[in-house]
Amino acid sequence: RSSQHGAGGRDGSAGSAAAETPCSEDFSLSLLDTNLPAEAETELRSFIAKRLTKGALFEGMGNVATVDLSIPEYKVGCYYCLFQQENPLETTTLESDINAPEYVVCFLGGSEKEDTFRLELDKYVQSLKLSIDLEQKTLETCVNLYLRSWFENSICPIQRVVQLFQEKLAALLHAALSYTPVEVKNADERTEKDISRFLAAASLQGLVQEGTMTSLCIAMTEEQHKSMIIDCSGPQPQLHNAGSNRFCEDWMHAFVNGAEGGNPFLFRQILENFKLKAIQDINNLKRFIRQAEMNHYALFKCYMFLKNCGSGDILLKIVKVEHAEMPEARNVVTVLEEFMRE
């Protein structure tokens, strides 16, 4: 079978390479584009060839590994992803699938921390797949520029949002955690995308039940303030209908203090820790509610937990939605709501 593969890197390193593959164990990789030094590119090509020989690459699913390159003389983290270029003019047959061009794209960074951005990089490669020209006429102009902006577009949005919002980041964290709809006005395209990505990364989507998430979205949309509005017409974003709580304020300080180092991977780790703590608090509250169905002292423990955790307003909404169909637990939540209001 004949196919093509692409490899390259960026740390600065980005690129792609192509190959003809007579069989799975006998092929050579051809370079399409890279900004790596020749020696490092050869070593990277050897690494990718070994992975291809082992059948360790699956179409559209990125991997992250440590690669030992002689230049810049230390181990680097390498994200690599295989994708197949589809030809819309051909009907999907076994023959057309075999002859379709295949590429491997590699991005190189300082360490294996790229693993924390794997989903973002997968999406980035999917966009590349859509934009690459079948005849490769636009490779130098379109694809080359696209490859070289991977770090700015996939890794840095969280960092840029932290630097833009500073202390106002607490409101953004609160909106993400409570599924409050957000409208962005008077922002350039990159800023609007950055805010959207930050909200998606900070939300508990995929960590709480899908039905709960949908119900929360509906409940928050129906509330009086409806949505938080971010006006980016000035040097600092202006927020309207913004909410916050002590939990989000504390985590905002963690982000702002981390901004001094300017490490985008640190911001992502703080964001993951933020979500982990929120999930732990939700699980603790659920456990207390189960105990409170039979024990008044446990009900008091629930109330004290909600008062002291700093995020009682959001946690109560989440458990209220999740326990809507459970009469005893719903009664406990109703009592807690009354106490919290008082």
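How far is the sulfur of C78 from the closest cysteine sulfur, and in which residue does that sulfur lie?

**Figure 1. The cysteine pair C78 and C106.** In this predicted model, the sulfur of C78 lies 4.3 Å from the closest cysteine sulfur, which belongs to C106. This distance is too far for a bond, because a disulfide is a pair of cysteine sulfur atoms within 2.5 Å. The structure holds 0 disulfides.

**Figure 2. Buried cysteines C78 and C302.** C78 is buried, with a relative accessible area of 0%. C302 is buried as well, at a relative accessible area of 0%. Buried means under 20% relative accessible area (1.4 Å probe, protein chains only). Of the chain's 342 residues, 47% count as buried.

**Figure 3. The packing of helices α6 and α11.** Helix α6 (residues 157–165) packs against helix α11 (residues 264–292) at an angle of about 85°, and their axes are 8 Å apart. The two helices are therefore roughly perpendicular, a term for angles of 65 to 115 degrees. Axes are lines fitted to C-alpha atoms over the stretch in contact, with angles from 0 to 180 degrees between N-to-C directions. Helices are DSSP runs (H or I, at least four residues), numbered from the N terminus.

**Figure 4. Residues joining α6 to α11.** I158, Q159 and V162 of α6 meet P264, F267, R268 and L271 of α11; contact means heavy atoms within 4.5 Å.

**Notes.** Residues are numbered from 1 along each chain as its sequence is written, and side-chain values use heavy atoms, leaving out hydrogens and water. As the model is predicted, local features need pLDDT of at least 70 and side-chain atom pairs count only at pLDDT 80 or more, while totals for chains, interfaces and linings use all residues.

Notes. Parallel < 35°, antiparallel > 145°, perpendicular 65-115°, else oblique. Buried < 20%, exposed > 50% of the residue type's maximum accessible area, 1.4 Å probe, protein only.
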